[in-house]
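Biologist: I would like to learn how to read a structure like this step by step, beginning with the strands and then turning to the annotated residues. Could you take me through it?

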Amino acid sequence: MIITDTHTHLYSEQFSEDRDEMIQRALDAGVSRFFIPAIDSTYLNAMLDLEKSFPKNIFLMMGLHPTHVNENVAKELAFVKEWLDKRNFYAVGEIGIDLYWDKTFLKEQQHAFRTQIHWAKEKKLPIIIHCRDAFNEIFEILEEEKDDKLFGIFHCFSGNLEQAKKAISYNMKLGIGGVVTFKNGKIDQFLNEIPIEHIVLETDAPYLAPTPFRGKRNESSYITKVLDKLVDIYKLSPQEIAEITTQNSKNVFGI
């Protein structure tokens with residue numbers, strides 16, 4: 001059984017003491033494909049080191065995370081473009097808009113999101129969207145950019161059924177992680193109305209650990225708890241969930 005974690009920050013400082021062991025636990029649990037989102041330029045070397053250590057399992061993205069958009073946005077975007085032109089990446093991400101912590105740089109976030117969407121289209125790459133307290137702002141830009149070159153994943157989807165359908169209308173898969181196991185997560189209440197062909201699995205490790213690990217450090221092996229929840233929701237076997245969601249990830253990332 002091959003399980004794909006479409007979004008995991010394996011380079012995080014939270015794994016500095018046991019990174020290889022943590023990754024081995026995931027491999028032992030059947031997770032053999034790890035897609036690694038970028039945050040900003042300061043994390044690139046750690047991402048490249050990961051790729052060297054696990055070349056058959058690690059697939060890197062390049063992008064500027066919206067919470068790291070600030071006064072130096074032009075410099076960071078130039079860094080993203082330089083690396084997109086320099087070597088192969090499997091997605092542009094994670095990119096988007098986050099208004100949860102701070103709205104100071106909303107215009108800069110919108111500019112960075114649009115710019116990176118354009119680069120993804122030029123490279124024929126998927127986008128990986130980060131959205132927090134910003135569904136309207138995200139959808140406004142996706143509506144402007146909607147065409148046959150726009151596709152990707154709505155990472156850590158936590159919206160309602162209407163928003164799920166709207167995200168899918170922009171050729172996005174829904175990234176489903178630990179939130180689906182939360183009692184107040186709510187997405188489990190309607191997910192069975194979304195065909196599983198639109199779903200990919202993720203952890204967002206080290207964040208958003210699923211029940212029963214909620215509040216603790218998340219890791220990629222815990223994706224099995226997300227898979228188990230989808231077994232309940234879709235009434236399919238673990239093998240079927242793993243196969244379908246891995247195929248969905250291959251349709252997005254091309255590998």
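This is a predicted model: local features need pLDDT of at least 70, side-chain atom pairs count only at pLDDT 80 or more; totals for chains, interfaces and linings use all residues.

Biologist: In what sense do β1 and β2 pair, and over how many bridges?

Modeller: The pairing of β1 with β2 is parallel and extends over three bridges, with I3 standing opposite V31 in β2. On the other pairing of β2, three bridges join it to strand β3 (residues 58-60), and these two strands also run parallel; here F34 is the residue that stands opposite I58 in β3.

Biologist: How many of the residues of strand β2 are buried?

Modeller: The general idea first: in a regular strand, side chains alternate between the two faces of the sheet. In the present case, five of the six residues of strand β2 (residues 31-36) are buried, and therefore the strand is largely enclosed by the rest of the structure.

Biologist: Let us turn to the annotations. Which residues does UniProt list for "binding site"?

Modeller: The unreviewed UniProt entry lists H7, H9, E94 and D204 under "binding site". These residues are spread over 198 residues of sequence, yet they cluster in space, with a largest C-alpha distance of 11.0 Å; from this set, H9, E94 and D204 belong to the lining of the largest pocket.

Biologist: Where does H7 lie, and is H7 buried or exposed?

Modeller: H7 lies in the loop between β1 (3-5) and α1 (19-28), and a relative accessible area of 0% makes H7 buried, because the cut-off for that class is under 20%. Leaving aside neighbours within four places in sequence, the contacts of H7 include E94, H155 and D204.

Biologist: Which side chain makes a polar contact with the side chain of H7 at 2.9 Å?

Modeller: That partner is E94, whose place is in strand β4 (residues 92-98) and which is buried, with a relative accessible area of 1%. A polar contact of 3.2 Å also joins the side chains of E94 and H9. When residues up to four places away in sequence are not counted, E94 touches, among others, H7, H9, H130 and H155.

Biologist: And how should I place H130 and H155 in this picture?

Modeller: H130 lies in strand β5 (residues 127-132) and is buried at a relative accessible area of 12%, while H155 is found in the loop between β6 (152-154) and α6 (161-169) and is buried at 4%. Beyond four places in sequence, H130 is in contact with residues including E94, D98 and H155, whereas H155 touches, among others, H7, E94, H130 and D204. The side chain of H155 also makes a polar contact of 3.4 Å with the side chain of H7.

How values were computed
Residues are numbered from 1 along each chain as its sequence is written. Side-chain values use heavy atoms; hydrogens and water are left out. Buried means under 20% relative accessible area, exposed over 50%, partly exposed in between (1.4 Å probe, protein chains only). Contact means heavy atoms within 4.5 Å. A polar contact is a pair of N or O atoms within 3.5 Å; within protein, one must be able to donate a hydrogen and the other to accept it, and residues adjacent in sequence count only if both atoms are side-chain atoms. UniProt positions are given in the numbering used here, feature names are shortened, and annotations may be inferred rather than shown by experiment. On a 1 Å grid over the protein atoms alone, a cavity is a set of points where a 1.4 Å probe fits but cannot get out, and a pocket is an open set with protein on both sides within 12 Å along at least five of seven lines; lining residues have an atom within 4 Å of a point. Two strands pair if DSSP finds at least two bridges between them.
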